[in-house]
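Visitor: I would like to learn how to read this model one feature at a time. Could you take me through it?
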Amino acid sequence: MRKQLVSAGLAVAVVLGTAGTSPADSDPRQGTFIADLTSAGFEVRSGAQRRIDAAYFVDNHVIDSAAGNNAGQAYKALQVPAVPPGSADASERSSGVFRLREDEAVVYVGPTPPAGDYFSFTPFLFERRKDSIEPKGDWMFAALGNPLNNMGIKTEGPSPFASNTMIVFTADAGVFDRIKTQAVAAGFPAETVNRYALPSELLNMGVRPRSDSLLILVRTANVRDAQQNKAFLNDAQYATVLRVTPTSAVTPQPYATIPMAKRAWKSEQDLYPGLAASLDRLKAAILADTPHLKARAYSSKRWWPESRTVLQATKGDPDFHMFVAGEAADTPYRRTTRNGEPMTMPLGKKDMVVVYGVNHAATGLATYSNFSVYSDQVLNPCGSRMYPTRFGCGNPVWSGVTGMANDGFTGSAKKYLPNDPLAKYLYAVKVSRKELASKYAVTVPSPTKKKPAEGIPAKQNVLIGYRAYLNPQTGRGPAYSDVVKDRAIWLRRR
């Protein structure tokens, strides 16, 4: 719809999304803020938000990988209007990809996501066309800095959840100061205006076709009220999204690149010295409890390099333009390995995988932790003409088809170690092709022809990906060195 906001006799045209009701209808400060921005020499375009289903975009050939999406947890993208209008193609519009000048800003104003275990706002370098390896552009999906999460965001209420806030994403300090001045004048508390400084020195900013494509992603996890979660995910106007552009030249005041967060605190081994021995006993108990013909042990290691490393890599570096699948600082990302090398496991009808390890939320090293099941198959090889995707080629599909978080697997190790006092800090969950009579089990679905990313073929091997979000002591994901490695056992059953 199209809404007229009027302030001090000035009519400002703002194009709104078609779903939901704009927060400006219930918060008059927003109308004043937009009108005052226009009076202060900015052009303001209004966008929206959209739920992002990675598997859906893979199935519809927008992206070639689900990028290790967290099974069962939803995402939203800020839908930033394109400049010039109409310059974005259909894939960019649907996925939320946009380009931004160094003197522009994206502003989020309105409520944060509903109460749960976690949320964050993170801008990414989505695709780079300058000096690209692939002619159409290199899909990198690298975080531009530390996520703005529920432990760090400034809001108007006592809780970070479902509370009014303002976030200004910009590379220019002068532009931020001008926007904040108008926000305060409109009635928004200065202390609730969050600055997200974009690292322009690491980017090719601009709105030209070969400028970097960006994406601002909203992650949530374990939202407690199902109806509130549904309303949040499906409401395109849950909060106001603005693209703010100066109407005259500004003196550049670029931000220096902000260092990545320091994440090291204390290791789980130091917090609970007996964990390693208890894990070995858990492994032995799993093998003794499960009739099998063969068994194979797997460990885990870091899945992708740090986004900042990739952004700073130059031509010739092994990390140059690498796809890092949305890696960010709020969790370590680990995946299945054997003998230190990335490895997958067969999962036929006679196979079962038991995922086990330390419950990082129970040890206090994370707010919540989980695992997801993926496959490494490549659906869109580079050079393929059958199902070419808009973003990426040759990347493994890495679509999370099932999994479990600590709210589901807490207490699952007690069956195997009834007399071990450290069993409450461990977990063990079965993964199989057929449904098992246990609440500590997940079933891997099969794909369909039209939805290849929503399941894993029976002949296709699987891998496990592990996450541990937000150490309460640091407000960031625990350091890789602080986390005891999650494990898995593959079993060929009798």
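Visitor: Let me start with E134: is it buried, partly exposed or exposed?

Guide: The general idea is a cut-off on relative accessible area: buried means under 20%, exposed over 50%, and partly exposed in between, with a 1.4 Å probe and protein chains only. Here E134 is partly exposed, at a relative accessible area of 27%. Please keep in mind that this is a predicted model, in which local features need pLDDT of at least 70, side-chain atom pairs count only at pLDDT 80 or more, and totals for chains, interfaces and linings use all residues. Residues are numbered from 1 along each chain as its sequence is written, and side-chain values use heavy atoms, with hydrogens and water left out.

Visitor: Where does E134 lie, and which residues does it touch, not counting those up to four places away in sequence?

Guide: Helices (H or I, at least four residues) and strands (E, at least two) are DSSP runs, numbered from the N terminus. E134 falls in the loop that runs between β7 (118-128) and β8 (138-143). Contact means heavy atoms within 4.5 Å; with residues up to four places away in sequence set aside, E134 touches C382 and C393. There is also a C-alpha to C-alpha distance to look at: E134 and G383 are 9.8 Å apart in space and 249 residues apart in sequence.

Visitor: How far apart in space are K283 and T38?

Guide: These two are 245 residues apart in sequence, and their C-alpha atoms are 64 Å apart in space. K283 itself sits in helix α7 (residues 275-289) and is partly exposed, with a relative accessible area of 29%. Its contacts, leaving aside neighbours within four places in sequence, are A297, Y356 and I489.

Visitor: Now the whole chain. How many helices and strands does it have?

Guide: The protein chain has nine helices and 23 strands. Its radius of gyration is 23 Å, close to the 23 Å that the globule rule gives for 494 residues, so the chain is as compact as a globular protein of that length. That radius is taken over C-alpha atoms, and the rule is 2.2 Å times the number of residues to the power 0.38. Along the principal axes, the C-alpha trace spans about 80 × 50 × 40 Å.

Visitor: What share of the residues is buried, and what share of the contacts links residues 24 or more positions apart?

Guide: Buried residues make up 60% of the 494. Among contacts with a separation of 6 or more, 80% come from residues 24 or more positions apart.

Visitor: D330 has an acidic side chain; is it buried or exposed?

Guide: D330 is buried, with a relative accessible area of 1%, in the loop between α8 (307-312) and β15 (333-338). For its partners, we look at polar contacts: pairs of N or O atoms within 3.5 Å where, within protein, one must be able to donate a hydrogen and the other to accept it, and residues adjacent in sequence count only if both atoms are side-chain atoms. The side chains of D330 and Y118 are joined by such a contact of 2.7 Å. Not counting residues up to four places away in sequence, D330 touches several others, including S120, N149, Y469 and R476.

Visitor: Which backbone atoms lie by the side chain of S412?

Guide: A polar atom of that side chain lies 2.6 Å from the backbone oxygen of F409, and the backbone nitrogen of A428 lies 2.9 Å from a polar atom of the S412 side chain. S412 belongs to the loop between α9 (406-409) and β20 (426-432), and it is buried, with a relative accessible area of 2%. Beyond four places in sequence, S412 is in contact with Y427, A428 and Y440.

Visitor: Last, the backbone: what is the phi of H61, and what is the omega between V83 and P84?

Guide: Most residues other than glycine have a negative phi, and most peptide bonds are trans. H61 has a positive phi of about 65° although it is not a glycine, and A67, also not a glycine, has a positive phi of about 60°. H61 is partly exposed, at 32% relative accessible area, whereas A67 is buried, at 8%. A cis peptide bond joins V83 and P84, with omega about -5°; P84 is placed in the loop between β5 (75-79) and α3 (90-95).
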